Structure formats: C-alpha cells, structure tokens
Amino acid sequence: MKIKCNFCKTEYTLSKIPAMPVKCAICGHTWMVKTPARRNQLFVFLAALCALLSAVIFSVVVVTHYRKSPDKDPLVASIIKTELAPDGNGVNHFIVSGILENRTEEIYGAPNLIIETYDANGKQINSSEQFNPPVTLLDAGARAGFVYTLRAPSAGVKKIVVKLGDFAK
Ligand SMILES: [Zn+2]
C-alpha cells in the first residue's frame with residue numbers, strides 16, 4: 001500500500017500496515033498508519049462530495065492568490081531541519097532536509113538546488129554546493145522532500161540557505 005506524509009507529502013510504499021507509528025525520513029513527522037476501512041455507498045458519496053467542494057474552495061483561494069502576485073516565486077525551496085553527522089575522519093558535515101514546492105497551478109521542471117553557507121558575520125563561507133532536485137517535474141501544488149549532505153565541513157557555519165537554479169515551465 002502507498003502512504004503519504006501529511007506534513008511534507010513524501011510518498012512511501014509499505015508491504016503491510018505497521019503496528020507501530022511510522023516516522024517520515026524527510027521531515028520527521030510521526031503518525032499511525034490506519035487500516036483502510038470498508039466504506040459503505042453513502043460514505044463514499046459524501047466523501048466525494050466533500051472532496052469536490054474543497055477542490056472548488058481551494059481553486060478559488062489559489063486563483064485569488066495567484067492574481068495578486070502572478071510572477072512571484074512560483075517555486076519555493078525551504079529548509080526544514082539540519083543535522084550534524086561526522087565523516088570517516090570525524091569531521092562534521094551538515095545534513096540538510098527540506099521541501100521543494102510548486103505554488104502555482106502549472107507544471108514546472110524542477111531546478112537544481114543550491115546551498116550556501118554563511119558565518120556569524122553574515123559572510124558566505126565555503127563554495128556554493130549544487131545538487132539534483134528530488135524529482136524531474138513538479139505538478140501544480142506539488143511538494144517534494146530533499147536531503148543533502150554538504151561536502152564542506154560544518155566548522156564556522158552559522159546560517160544555511162537553499163536557492164533554486166534555473167528552471168522552466
Ligand atoms: Zn514528511
């Protein structure tokens with residue numbers, strides 16, 4: 001069966017329903033996977049009706065927002081958490097987890113992601129590091145989680161920023 005993280009929407013495939021809560025490898029969100037219940041006809045009808053209504057409301061909200069800022073940040077990358085992990089020589093590196101999100105109603109090719117690190121004075125240190133996106137295409141409204149381990153050591157790094165490479169509709 002397929003399950004989806006409620007928080008970051010990352011999909012996982014499970015062979016069976018676990019008895020214990022599951023934890024999302026990308027964002028750390030924890031939840032219980034429920035056994036799919038057998039639904040009666042009325043419930044299916046009501047669920048479909050609710051889905052239809054919420055889709056209408058959602059599209060109204062998105063369109064309104066979209067008109068206000070048509071070209072502003074169609075794709076957004078954000079960092080959810082950073083962790084430190086030592087390499088073979090005991091030198092620490094940051095593992096950066098985050099989300100790439102398409103905030104528009106159109107499909108986009110996912111760009112490379114670029115990470116920059118800054119010191120306590122706000123000065124960029126180390127070289128920018130660029131890596132492949134977690135997916136090739138981002139559907140309208142889709143989100144995809146990414147995890148990247150920085151090649152540069154963590155020493156002196158006080159701030160980490162993720163930026164987008166070039167992208168096209
Ligand atoms: Zn998640």
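This is a predicted model: local features need pLDDT of at least 70, side-chain atom pairs count only at pLDDT 80 or more; totals for chains, interfaces and linings use all residues.
Visitor: Why are β9 and β12 called edge strands?
Guide: Start with the order. The open sheet of 3 strands runs β9-β8-β12, with antiparallel pairing. β9 (124–131) and β12 (159–164) each have a single partner strand, so one side of each lacks a neighbour in the sheet. From one strand to the next, the twist averages 20 degrees.

Visitor: What makes β8 and β12 a pair?
Guide: The cut-off is at least two bridges between the strands. Strand β8 (residues 113–118) and β12 have 6 bridges, in the antiparallel sense. They therefore count as paired. Threonine 117 faces isoleucine 160 of β12 across the pairing.

Visitor: Why is lysine 9 called partly exposed?
Guide: Buried needs 20 or more other C-beta atoms within 10 Å, and exposed needs 12 or fewer. Lysine 9 has 17 C-beta neighbours inside 10 Å, so it falls in between and counts as partly exposed.

Visitor: Where is asparagine 126 found, and what is its phi?
Guide: Asparagine 126 belongs to strand β9. Its phi is near 60 degrees, positive in a residue other than glycine.

Visitor: How do you know whether asparagine 126 is buried, exposed or partly exposed?
Guide: Count again. Asparagine 126 has 18 other C-beta atoms within 10 Å.

Note on methods:
Residues are numbered from 1 along each chain as its sequence is written. Helices (H or I, at least four residues) and strands (E, at least two) are DSSP runs, numbered from the N terminus. Axes are lines fitted to C-alpha atoms, for helices over the stretch in contact, and angles run from 0 to 180 degrees between N-to-C directions.
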